[in-house]
Amino acid sequence: MMMSLFLPLLLVSVLFLSSFSEVQGRKWKGEGTTQNLESIVIGRCYDYIRIVNPAVGEKNCSEIWEAFTSAFINKDPCSILPEDYELFINLSLHAIPANKSLFWENNQLLVNTFADRGRRYMCLADTLFGFFADFLNWCGQANSPEITCLSTGLDYESCPTKTECENNAVDSFWRMASITYARHSSGVIHVLLNGSAVGGAYPQPGFFADYEIPSLQKDKISEVAIWVVDDIEGPDLDSCGINSVKTLETRLTTLGYNVTCTDNYKSVMYLLCLDYPDDSKCALSSSAPAAQRGPISSDRGGSWNKLMFVSFAGFLFRFTLGY
């Protein structure tokens, strides 16, 4: 009889402890700190100063890591402010070339590819401080002995999302990084927006609207070039001069900036079309008819000889007219 009562009680206890442990381990809705975070970011730091952009000069990557973690380790993960990353920013800061800044909304992967790690443009992720943390997640917890991996002070189980608390470690980091990036941008700055984004190409609130535009140094900016590019298979919801893009143009003009706007900027469209070569939006237009629209002739030698003959005959004709 005692055994029959003991087993159900034991089962209830196990289930309770399991649920309690899960609640204790996973306090927040967001993903926990990226595994091997220290190795990843220190490796990225050396990759950046040695391979990606050695022009920034020597940087102490271990010191940068320490400054980064000091912003949030053993602190309430919902009380991290942008200025907590000030030391990290100061240690990782470097010049951003004039005319190379590329801001964006709703098209992060496209921007990263188009900028090409600073070779074409230098978006935020192409700076050392942006490259350091791109696509990573992290948070700590205020002096809590039950936290997973206490020795590092990082919570690998869960981290708060923006909906749970605005002043979380990741969002505060990117606010500080965005402000710094805008302050050090100069010359012609570029803004790549997604014309197919639901809610508008220029979202408000948004990082560009709330942190980057207010941080631009007007005396250093000669032009703001806006590019509105639709997804290849997406709808055309926003364009220059209408909807949210018009709101952006009006705001920048009112602030005294020289603003230009281009729909479906060709260079970006060509990049998008690499993945959609047969889409109608990717058809190359030409005023001259194509030389050949049918199957290519297998008589390559004969075709080449004919071409050379015609070219030579044309040359002789022009030469004769000259005399």
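**Disulfide pairing**

With the bonded cysteines of the chain numbered in sequence order, the pairing runs 1-2, 3-6, 4-5, 7-8, 9-10. This is a predicted model, where local features need pLDDT of at least 70, side-chain atom pairs count only at pLDDT 80 or more, and totals for chains, interfaces and linings use all residues. Residues are numbered from 1 along each chain as its sequence is written, and side-chain values use heavy atoms, with hydrogens and water left out.

Me: How many disulfides does a search of the whole structure find?
Reply: A disulfide is a pair of cysteine sulfur atoms within 2.5 Å. Searching the whole structure on that basis, the number of disulfides is 5.

Me: What is the handedness of the disulfide of cysteine 78 and cysteine 165?
Reply: The sulfur atoms of cysteine 78 and cysteine 165 lie 2.1 Å apart. Cysteine 78 sits in the loop between helix H3 and helix H4, and cysteine 165 in the loop between strand E4 and helix H7. Helices (H or I, at least four residues) and strands (E, at least two) are DSSP runs, numbered from the N terminus. The torsion about the S-S bond is about -75°, so the disulfide is left-handed.

Me: Is cysteine 261 buried, partly exposed or exposed?
Reply: Buried means under 20% relative accessible area, exposed over 50%, partly exposed in between (1.4 Å probe, protein chains only). Cysteine 261 has a relative accessible area of 23%, so the class is partly exposed.

Me: What is the relative accessible area of cysteine 273?
Reply: Cysteine 273 forms a disulfide with cysteine 282, S to S 2.0 Å. Cysteine 273 is buried, and its relative accessible area is 12%.
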